[in-house]
Structures are given as structure tokens and as C-alpha cells.
Amino acid sequence: MLIKIPSRSLCLPSEITPESIYLARRRFMALSATALAVASIPSWASAAASNYDVDDPGAAPDWFMQKRESIRWKAVDVQGESITPFTDATHYNNFYEFGPDKDDPAANADRMPTEPWTVVIDGEVGKPGRYSLEDLIQPHTLEERIYRLRCVEAWSMVIPWLGFPLADLITRAEPTGKARFVAFETLKDPEHMLGQRSRFGLLEWPYREGLRMDEAMHSLTILAVGMYGRQLPNQNGAPLRLVVPWKYGFKSIKSIVRISLTEQQPYTTWNAMAANEYGFYANVNPNVDHPRWSQAQERRLPSGLFSPNVRDTLMFNGYEEVASLYSGMDLAKNY
Ligand code: MTE
């Protein structure tokens, strides 16, 4: 990733979020112990309550409100770990289309229009097409999946996503016998994504990612349209993003406009930029260090100088059920 100096990842939350938000969060944290005692509130609600009401999904389009009626809450939970406060999940982001700093996406991503939104599905499928977001989501029931998110930069969060299995979408598209990989592409829109303007030149746009077919079909892999009970904020990848919880966060591509099934391993942005640092697989692995830092531990947000909140990183980010996908593979070589 575009880590300028290692000490950046050790800075205080007050240095990386606007001070008013940081102070509001501190005030909230003092109150949240009381809130946690209210059993009828979902576990993440108190953590999120600093800036939204659980019963209020915010201003959301009709399709989201309709889908929200039938959400399977807590379809996947994380035992014994707290949900990351909403403020951290929405103000400490990587979305380089909106700038290189962690608070750039929250400041700039609202410029991106997300309605109308279409997604192209093509390549090795029997039913290629261009779908409106509404039509794409329509057949799917949304589930809440509370997943750990581990960034390759060694910070982590726990986020309650709202989404549906990618496998269901792929099955509907009727993959041909040649489909071995799935390639994803983010919107290219330099007018609204200032990080894509040539003078910034951080990455080659559009941002692209990919999975092997069996990874894409795994039941843990989802396409998310919401988080914390509401529609995805733009900085988190509205209106549609991938979430692959056992892989480093850079695989979870945001604001998807194209999903292509391919025979060959697809081009992926970070791997193309620095193959020795960012592999195609990018499975969370405490035993394989990044060339410039250790991956043995991580900083769970929120964290600060006096409460660094450091914990051991788990193999496959704790999702051991995916290990069989890689049996017989040398994960130090296929990082
Ligand atoms: N997708 C796009 N299109 N552009 C990006 O810069 N950053 C990735 C991933 N998806 C990125 C992206 C990285 S490095 C991480 S860690 C996660 O998004 C961060 O997701 P979050 O900001 O919602 O926590």
C-alpha cells in the first residue's frame, strides 16, 4: 500500500480523524458501557450509536428499504470481539480514487454519483448483460455478516456487512466450463474521483481485483450493499463492493461496475504495481511477512498511543474453513 513511513500507522486517532469526530467518539465510548446493558439492541448498535440510530437506516433508496425488510440479521457473527465503531469504519479508509490519506475518502467520496448504477457481467458466462443495481440485487435476500477485516498495512476492524453470497450471482450468470477466475473492476470517473486525475497518478485506473473461481464461490465471499444496518457509505464502496474476509483488505474491491468470468488469471492492481509485496492470493498469513513489515500482529481500531490494541494475527484471519482451498500449495510462494 502507499505507506509513506511506518510511523503513520502508529499515529493517534486524533491525528487521522477530524478532531470533532474524535472527541465525539471519546464521549461516546464513555457512554457505551451503559448502552451495552440494553439487551434488546444488537451488539453493534451501541458502538455505532455515536452517529446514527439503529432504527433509522438513513436516507436510502427504495430498493434498499425493501431489501431491509427481510434481512437475516447476524447470519454470521464474530464471537467475543467488539464491533468497530461506525465512525472509525467510515473515517479511516483506503479508497485511493479519492486520495491517499485515510480521511480523504470520507471527505471526497460523496462527489461520486451512485444512482443510477449499472454492473456489467460478461466473459465466460451463458447470460452476459448490463444490469441496473436494483435488478442485480432483486433476487437476493440480504444477510448481515459480521466479519473481521484485516488490511495488509496491519490494522484491522470488525464490520457488520449487509450483503449476499457472490456464488448466488455467479450461478445465475451461468458460468461456462472455461470459467476459472472472476475479475472485478471499479468505476472509472476522474470527474468525480479526484485520485484518478492524471496529476495524482497513484495507481493505474480503474482499480481491478480478482479471485480464483473456488474462492469466489466460497460461502464466506459476499457482495455487500450495506453496513451497520444502512446503505454502504460512498467511502466504503457504495453501492456494491466485494468482501473476502480471509484475505487482505485490498482484495475487497469497492464500487464495482464490472464482473467478468475469465479463463486466465486476471490483472490485479496492487499485484501489477508491486508483485513482490502484494500477491494475487493475499491470504491473511501471520507467518509470511510483507517485505517492509511484519504480519504477525495487527492494530485493532480504534487504537492509540496509550491503548494500542495490538493482537496476534490469525491464519486466514481466523477463517480456517477456507484452508482446504489451498491444500498442497506453498503459501509462502503463493502469498
Ligand atoms: N477498492 C478500490 N476501488 N480502491 C481502493 O483504493 N482499497 C482497498 C479495498 N478496496 C481500495 C478498494 C484496501 S487497501 C482496503 S484495506 C479496503 O478496501 C478498505 O476498506 P474500508 O475502507 O471500507 O475499510
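## The largest cavity

In this predicted model, the largest cavity holds about 300 Å³ of space. A cavity here is a set of points, on a 1 Å grid over the protein atoms alone, where a 1.4 Å probe fits but cannot get out. Its volume is the space filled by probe spheres set on those points, which are joined across faces, edges and corners. The structure has four cavities of 30 Å³ or more.

Strands are DSSP runs of at least two residues (E), numbered from the N terminus. Sorted by class, the lining has 15 nonpolar, six polar and three charged residues. Ala, Val, Leu, Ile, Met, Phe, Trp, Tyr, Cys and Pro count as nonpolar, Asp, Glu, Lys and Arg as charged, and the others, Gly among them, as polar.

## The ligand inside

Which space does the ligand take? It is the largest cavity, and a molecule sits in a cavity if more than half of its atoms lie within 2 Å of the grid points. Around the ligand are 17 residues, and Asn93, Tyr96, Glu97, Arg241 and Lys254 come nearest; "around" asks for a heavy atom within 4 Å. This shell has eight nonpolar, six polar and three charged residues.

A polar side-chain atom of Arg241 is 2.7 Å from an oxygen atom of the ligand. The side chain of Asn93 places an N or O atom 2.8 Å from a ligand oxygen, and the side chain of Thr186 has one 2.9 Å from a ligand nitrogen. The ligand taken alone exposes 530 Å², and the protein buries 100% of that (Shrake-Rupley areas with a 1.4 Å probe).

## Backbone details

Most residues other than glycine have a negative phi, and most peptide bonds are trans. Ala154, however, has a positive phi, near 80 degrees, and lies in the loop between strand E4 (143–150) and E5.

Trp205 and Pro206 are joined by a cis peptide bond, with omega about 0 degrees; Pro206 belongs to the loop between strand E6 (181–186) and strand E7 (208–212). Another cis bond, also with omega about 0 degrees, links Leu301 and Pro302, and Pro302 is in the loop between strand E12 (297–300) and strand E13 (310–312).

## About the numbers

Residues are numbered from 1 along each chain as its sequence is written, and side-chain values use heavy atoms, without hydrogens and water. Local features need pLDDT of at least 70 and side-chain atom pairs count only at pLDDT 80 or more, while totals for chains, interfaces and linings use all residues.

Note on methods: 1 Å grid on protein atoms, 1.4 Å probe; cavity = no way out; pocket = protein on both sides within 12 Å on 5 of 7 lines; lining within 4 Å. Polar contact = N/O pair within 3.5 Å; in protein donor to acceptor, adjacent residues only side chain to side chain. Helix = DSSP H or I, 4+ residues; strand = E, 2+ residues; numbered from the N terminus.
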